[in-house]
Amino acid sequence: MPQHPTPEREFTMRFTSTPRGARLARRLVSHRLNDWGHPYTTPANETLTLITAELTANAVRHGHVPGRDFHLQLTLAEGTFRIEVTDTRAEKQPPSTPPIPDSTSESGRGLLLVAALADDWGVTPRPAAPGKTVWAKLRVTTGGHPRMYQVAPRPADSASAYEHATESFPATSSLLRDGLGLRPGAASYGDRRP
């Protein structure tokens with residue numbers, strides 16, 4: 001089992017595996033970050049709230065087992081936030097490299113957003129019980145800002161598939177204005193270790 005640094009701050013809660021539970025988890029994470037000195041409109045709060053929204057929505061949509069809740073844990077240790085969402089469905093594992101959905105699809109972009117915004121992310125089996133934990137890490141510098149990444153250039157061979165979209169996802173537009181975007185190598189997720 002991987003060792004995690006001793007958290008300076010920690011928030012843990014169970015939520016019903018419903019869209020309402022996912023919305024509540026997202027809102028409580030945002031409130032908790034505000035309480036911890038990362039106000040609502042800061043890049044750290046916006047980024048972690050968006051990552052939480054994607055992970056909890058996936059737990060509800062793909063990890064739902066009737067009568068079972070999902071568990072959320074947010075920790076801050078050594079300048080790194082770690083968000084973990086645990087569900088009880090072990091057989092539905094997210095792909096290590098999320099496929100790119102076609103441009104007309106209304107879903108399938110959640111893990112792509114997580115991979116683009118987080119410094120690292122992955123999936124680990126749930127210890128001592130059925131299920132899995134999907135986690136993401138985000139390092140913040142002094143002042144509460146995540147590390148800044150330049151927006152990665154779009155590969156030339158895929159440009160035609162994206163010609164109709166001149167901006168990134170609307171939910172991340174404020175993050176992109178602040179200099180956040182895809183980090184180099186984000187498309188090839190590399191190894192995922194907790």
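Select D120 and K137 to begin: D120 stands opposite K137, which belongs to strand β5. Keep in mind as you click around that this is a predicted model. Now widen the selection to strands β4 and β5, which run antiparallel and are joined by 6 bridges.

**The whole sheet**

Next, colour the strands. You're looking at an open sheet of 5 strands, in the order β1-β2-β3-β5-β4, with antiparallel pairing. At the edges sit β1 (9–15) and β4 (120–125), each of which pairs on one side only. Ignoring direction, neighbouring strands here are turned by 15 degrees against each other on average.

**Two helices on the sheet**

Bring up helix α1, residues 19–35. This helix packs on the sheet and touches β1, β2 and β3. Compare its direction with that of β1, and the angle is about 165 degrees.

**Along strand β3**

How many of its 8 residues are buried? The count is 8 of 8, so to speak a strand that is mostly covered. Show the side chains: T80, R82, E84 and T86 point one way, while F81, I83, V85 and D87 point the other way. Both sets are buried. In a regular strand, side chains alternate between the two faces of the sheet.

Now look at the neighbours of β3. Strand β2 (residues 70–77) runs antiparallel to β3, and 7 bridges join the two. Pick L72 to find V85 of β3 standing opposite. Follow the hairpin of β2 and β3, where 2 residues lie between the strands, and stop at E78: this residue takes a positive phi near 50 degrees.

On to strand β5, residues 132–139. β3 and β5 pair over 8 bridges, again in the antiparallel sense. Select T86, and opposite it you'll find T133 in β5.

**Rings to click on**

Time for the aromatics. How many aromatic pairs does a search of the whole structure find? There are 2.

W36 lies in the loop between α1 and α2 and F81 in strand β3, so the pair ties together parts that are 45 residues apart in sequence. Are these two buried or exposed? W36 is buried, and so is F81.

R82 lies over the face of W135, at 4.6 Å from the ring centre.

**Last stop: helix α3**

Finish by selecting residues 110–117, helix α3. This helix is mostly covered, with 8 of its 8 residues buried. Click along it and you'll pass G110, L111, L112, L113, V114, A115, A116 and L117, which are buried.

Conventions:
Residues numbered from 1 in each chain as written. Predicted model: local features only at pLDDT ≥ 70, side-chain atom pairs only at ≥ 80, totals over all residues. Heavy atoms only, no water. Buried < 20%, exposed > 50% of the residue type's maximum accessible area, 1.4 Å probe, protein only. Helix = DSSP H or I, 4+ residues; strand = E, 2+ residues; numbered from the N terminus. Pairing = 2+ DSSP bridges. Axes fitted to C-alpha atoms, helices over the stretch in contact; angles between N-to-C directions. Contact = heavy atoms within 4.5 Å. Phe/Tyr/Trp six-rings, centres within 6.5 Å; stacked < 30°, edge-to-face > 60°. Lys NZ or Arg CZ within 6 Å of the ring centre and 35° of its normal.
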